[in-house]
Amino acid sequence: MPISPSELRVAIVGSGPAGFYAAEALQKAAGGIRIDLFDRLPTPFGLVRGGVAPDHPKIKSVTRVFDRIAAQPGFRFLGHVRLGEDVTVTELRDRYDVLIVAVGAETDHTLDIPGEHLAGSHAATEFVGWFNGHPDYVESVFDLSQTAAAIVGIGNVAMDVARILAKDPDHLATTDIADHALRALRGSRVTTIHLLTRRGPVQAACTTPELRELGELEGVDVVVDRRDLELDPASAEQLARSDDRTPAKNLEVLREWAERKPGGAPRRVVIHFNVSPVELTGTHRVAGVELVRNRLEADPRGSVRAVATGEKHHLAAGLVFRSVGYRGIPLAGLPFDERRGVIPNLGGRVVEEPGSTTVIPGLYVCGWIKRGPQGVIGTNKSCATDTVAQLLADAAAGSMHQVREILPSIDELLSGRGVAVTSWGDWLLLDRAEQERGSAAGRPREKVTSVVEMLEIIQARRTG
Ligand code: NAP
């Protein structure tokens with residue numbers, strides 16, 4: 001039987017941009033639609049809170065859009081509920097007509113080279129979580145007594161890591177950077193930050209505003225070797241036929257930097273193109289990176305690939321961050337595509353296994369766990385809208401079974417298990433507490449970084 005959108009009961013797991021945009025698309029289809037948005041943390045917003053760099057407040061202001069979505073009738077936030085631990089996929093599917101999984105990509109890719117597990121070698125995502133006060137990373141320790149750090153990769157995450165390491169901490173002191181990170185960065189001795197890029201400037205994954213920002217930092221010289229900007233035939237051809245203006249604009253910025261004379265600034269960011277790390281050296285901890293020089297050639301799929309030349313050299317660095325992309329993790333009760341690190345799906349409809357065309361009725365994905373870790377926040381809006389369009393078509397076609405009333409309800413089930421669920425109202429209490437703590441120091445907020453403390457503050461403010 002067809003189901004009208006307003007009759008649907010929807011669970012969305014993951015309250016980052018993809019989850020919120022899915023809720024918005026559903027609300028547009030049916031005002032008042034019943035949506036329960038779950039998150040494993042007591043706080044909402046996913047990577048907008050735990051991933052976007054603290055010195056990018058404009059990007060974070062998207063939370064105002066999410067606030068409006070949360071204020072719609074029928075919407076509930078159920079924070080501090082861990083899928084697979086506090087509630088299973090089956091228990092959710094028994095209680096909701098629709099389950100949309102929007103959990104993002106929780107881990108990162110590794111380089112798989114010797115020495116990667118030495119002390120001083122980190123995932124960039126760990127550093128990002130740490131400076132953003134994500135509860136999972138508060139215990140992380142980065143040896144900022146080192147003078148040289150290397151970052152592998154040249155995506156926007158690499159830009160964020162380089163900028164936070166290079167920036168004068170006084171310029172971070174008015175942001176919502178985690179207190180522990182600000183304290184540690186104030187004592188940092190890192191003066192040289194190497195960006196290690198396996199291909200050339202035309203293939204740089206970062207966007208131009210983020211790249212340009214590096215060159216605008218006070219007290220920082222950006223060093224680019226102009227020989228690295230001479231294009232090989234494959235890159236020149238790629239640039240010529242690119243519809244995207246980003247490579248040309250990036251090249252323009254890099255060429256300008258290559259002409260600059262180093263100004264003797266206290267810190268410098270050195271960009272190395274066409275190099276791949278083959279080993280992290282050191283005995284007990286990282287001492288440097290063994291690099292192989294690459295040459296670039298056209299690959300049969302129309303891209304440009306790096307091929308190792310065998311020419312090696314060593315770069316001293318006591319801290320190494322691999323910034324080579326996020327990766328989704330498998331979730332109990334859901335299929336997983338190990339190769340791509342996503343939940344296998346056809347346009348957002350989850351299928352039984354990678355390569356299968358058999359969809360699982362009522363089960364959908366959006367965001368990075370659907371399409372992989374690419375795109376900016378806004379990309380998730382079209383991604384979620386596409387998924388919701390499939391979902392609405394399935395509801396209209398009657399290919400979605402409607403659940404019967406199951407007892408106990410989700411609220412009874414969670415409270416029976418002693419799960420301290422946080423509501424949207426609770427988040428607003430915590431939000432206010434963080435803002436009050438921050439305002440004394442002229443900061444937008446001082447983040448609470450421990451889940452226990454979050455729950456204590458919420459409890460105290462609920463009763464007080
Ligand atoms: P990304 O954009 O995919 O960049 C990954 C980088 O790692 C690329 O330079 C890639 O080089 C390199 N890489 C991958 N495997 C490698 C290997 N084995 N050895 C050496 N290098 C390797 O990923 P990201 O930086 O994690 O960002 C994820 C997404 O979030 C992106 O869409 C990004 O734009 C977005 N984001 C946006 C912002 C912002 O808007 N301010 C901030 C942060 C993140 P190849 O190109 O050669 O593969």
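Asp 426, Leu 429, Leu 430, Arg 432, Ala 433, Glu 436 and Arg 437 in α15 meet Glu 453, Met 454, Ile 457, Ile 458, Arg 461 and Arg 462 in α16, where contact means heavy atoms within 4.5 Å. This is a predicted model, in which local features need pLDDT of at least 70 and side-chain atom pairs count only at pLDDT 80 or more, while totals for chains, interfaces and linings use all residues. Residues are numbered from 1 along each chain as its sequence is written, and side-chain values use heavy atoms, with hydrogens and water left out.

**The α15 and α16 pair**

- By class, the contact of α15 with α16 has 6 nonpolar, no polar and 7 charged residues. Ala, Val, Leu, Ile, Met, Phe, Trp, Tyr, Cys and Pro count as nonpolar, Asp, Glu, Lys and Arg as charged, and the others, Gly among them, as polar.
- Helix α15 spans residues 424-439 and helix α16 spans residues 451-463; their axes come within 9 Å and cross at roughly 105°. α15 is therefore roughly perpendicular to α16 (angles of 65 to 115 degrees count as roughly perpendicular, under 35 as roughly parallel, over 145 as roughly antiparallel and the rest as oblique).
- Axes here are lines fitted to C-alpha atoms, for helices over the stretch in contact, and angles run from 0 to 180 degrees between N-to-C directions.
- Helices (H or I, at least four residues) and strands (E, at least two) are DSSP runs, numbered from the N terminus.

- Arg 437 lies in helix α15 and is partly exposed, with a relative accessible area of 30%. Buried means under 20% relative accessible area, exposed over 50%, and partly exposed in between (1.4 Å probe, protein chains only).
- Leaving aside neighbours within four places in sequence, Arg 437 is in contact with Glu 446, Lys 447, Val 448, Glu 453 and Ile 457.
- Arg 437 and Glu 352 are 85 residues apart along the chain, and their C-alpha atoms are separated by 48 Å.

**The second largest pocket**

- About 440 Å³ of space lies in the second largest pocket. A pocket is an open set of points on a 1 Å grid over the protein atoms alone, with protein on both sides within 12 Å along at least five of seven lines, and lining residues have an atom within 4 Å of a point.
- Grid points are joined across faces, edges and corners, and the volume is the space filled by probe spheres set on the points.
- This pocket is lined by 19 residues, and the closest to its centre are Lys 60, Ser 61, Thr 63, Asp 176 and Arg 445.
- Which helix gives the most to the lining of the second largest pocket? That is α15, with 4 residues.
- α2 (47-50), α3 (57-60), α4 (63-70) and α15 each supply at least two residues of the lining.
- The lining divides into 7 nonpolar, 4 polar and 8 charged residues.

**Buried side of α8**

- In helix α8 (residues 179-186), the buried residues are His 180, Ala 181, Leu 182 and Leu 185.
- α6 (124-131) and α7 (156-166) are among what covers these buried residues.

- His 80 is not a glycine, yet its phi is positive, at about 65°. His 80 sits in the loop between β3 and α5 (89-95) and is buried, with a relative accessible area of 16%.
- Asn 274 also has a positive phi, near 60°, in a residue other than glycine. The loop between β10 (267-272) and β11 (275-281) holds Asn 274, which is buried at a relative accessible area of 12%.

**Partly exposed loop residues**

- Gly 74 is in the loop between α4 and β3 (75-78) and, at 33% relative accessibility, counts as partly exposed. Not counting residues up to four places away in sequence, Gly 74 touches Gly 32, Ile 33, Arg 34 and Ile 35.
- Pro 373 lies in the loop between α12 (368-371) and α13 (379-397) and is partly exposed, with a relative accessible area of 28%. Pro 373 touches Ala 105, Tyr 326 and Trp 368, not counting residues up to four places away in sequence.
- Asp 136 belongs to the loop between α6 and β7 (148-152) and counts as partly exposed at 41% relative accessibility.

Key
1 Å grid on protein atoms, 1.4 Å probe; cavity = no way out; pocket = protein on both sides within 12 Å on 5 of 7 lines; lining within 4 Å.
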